[in-house]
Amino acid sequence: MERDELECFLILAEELHFGRTAERMRLSRARVSQLVQRLERRVGAPLFVRTSRRVALTALGRQLREDLEPHHRAIDAALARAAAAARGVSGVLHVGFSGPPAGEIVLRAAEALRASHPELDVEICEVPLSDPYGPLRKGEFDVQLTELPVREEDLGEGPALLTEERVLAIASGHPLVARRRVSLEDLAEVVLLTIAGELPDYRLEHHVPAHTPGGRPIAHGPGVTNMQEALMLVAAGKGAFLTAAHTATYYARPGICYLPFDDAAPVGYGLVWRAGDSTGAVRAFARIALEVARADEHSGAPGAATPASLTSRARRRAVAGAAD
């Protein structure tokens, strides 16, 4: 059943007058008659009794009206709610984050958004390492602050809100620790842990490259699904792990050193959302998250993920790990 047929039937069933129905629908009386006749042909029986003096529902017409009216009201209500959500900031906003620095920005942005829009509830949750886009695509997240780049046709990507250097998490007894810093060419001398899960090829290559820039092969070790699992294997000497510099601060543990790179591009984090699904709440969160990130950058707050601060922390952790 077409929507115009449905609306025409329900309005005519209420008005029982072709002229008033035409006025409400802003159609001609002839068009109203065509829609009713088309619906009756679809059903296979008359829905109205028409005379020169009155219009009345048939028994089948009354039954159809009783069956359709609740669903029509529910559809109208759903559309109204969707339009209100697109225009305003209300309901529940689900926000994902990748890593503690991104989580701190998300948390502060959520608190600011709740204060300015008390009718909006913000729920936050960490993005799985092994499935970075799955929850977003399923609707479990409305937006997430996650690692860049994102090269997915169905996802939109904003600019980087914070950046930090990459480091190599490695067992403190490995010979590379003596160098204090490493280059991407040094990855040919380690076994890199890989990530098991639903990662696109470009994302996996970013975390677990197959070759050094000079073309030397890089050996791959066991697959992991989360950071704790990765660090447990690193400490046990089962492999090294490419990660962001904040890991040295937030996941410090005996037996692991975090070596800064001389030549690796920094890790950027930006907001990602489903393309074409940017609601008023998502836009409001994006504005506030940008303000929080800029404030951190200018103030040097503890949660500010600036390359200099995180690199110095990583260097101190590397020295401490070597001493262990």
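Is arginine 20 buried, partly exposed or exposed, and what is its relative accessible area? Arginine 20 is partly exposed, with a relative accessible area of 37%; buried means under 20%, exposed over 50%, and partly exposed in between, using a 1.4 Å probe and protein chains only. This is a predicted model, where local features need pLDDT of at least 70, side-chain atom pairs count only at pLDDT 80 or more, and totals for chains, interfaces and linings use all residues. Residues are numbered from 1 along each chain as its sequence is written, and side-chain values use heavy atoms, leaving out hydrogens and water.

**Salt bridges overall**
- Side chains of opposite charge can pair when their charged atoms come close.
- The whole structure holds 17 salt bridges (a side-chain nitrogen of Lys or Arg within 4 Å of a carboxyl oxygen of Asp or Glu).
- Arginine 20 takes part in one of them, with glutamate 15, at 3.0 Å between the closest N and O atoms.

- Arginine 31 meets aspartate 4 in a salt bridge of 3.7 Å, N to O.
- That pair links distant parts of the chain, 27 residues apart: helix α3 (residues 29–43) holds arginine 31 and helix α1 (residues 3–15) holds aspartate 4.
- Helices (H or I, at least four residues) and strands (E, at least two) are DSSP runs, numbered from the N terminus.
- Arginine 31 is partly exposed at 29%, and aspartate 4 is partly exposed at 27%.
- A network of salt bridges links Asp4, Glu5, Arg31, Arg38 and Arg42.

**Arginine 216 and glutamate 185**
- These two form a salt bridge, with the closest N and O atoms of arginine 216 and glutamate 185 3.8 Å apart.
- Arginine 216 lies in the loop between α7 (201–207) and β9 (219–224), and glutamate 185 in the loop between β7 (166–171) and β8 (191–195), so the pair ties together parts 31 residues apart in sequence.
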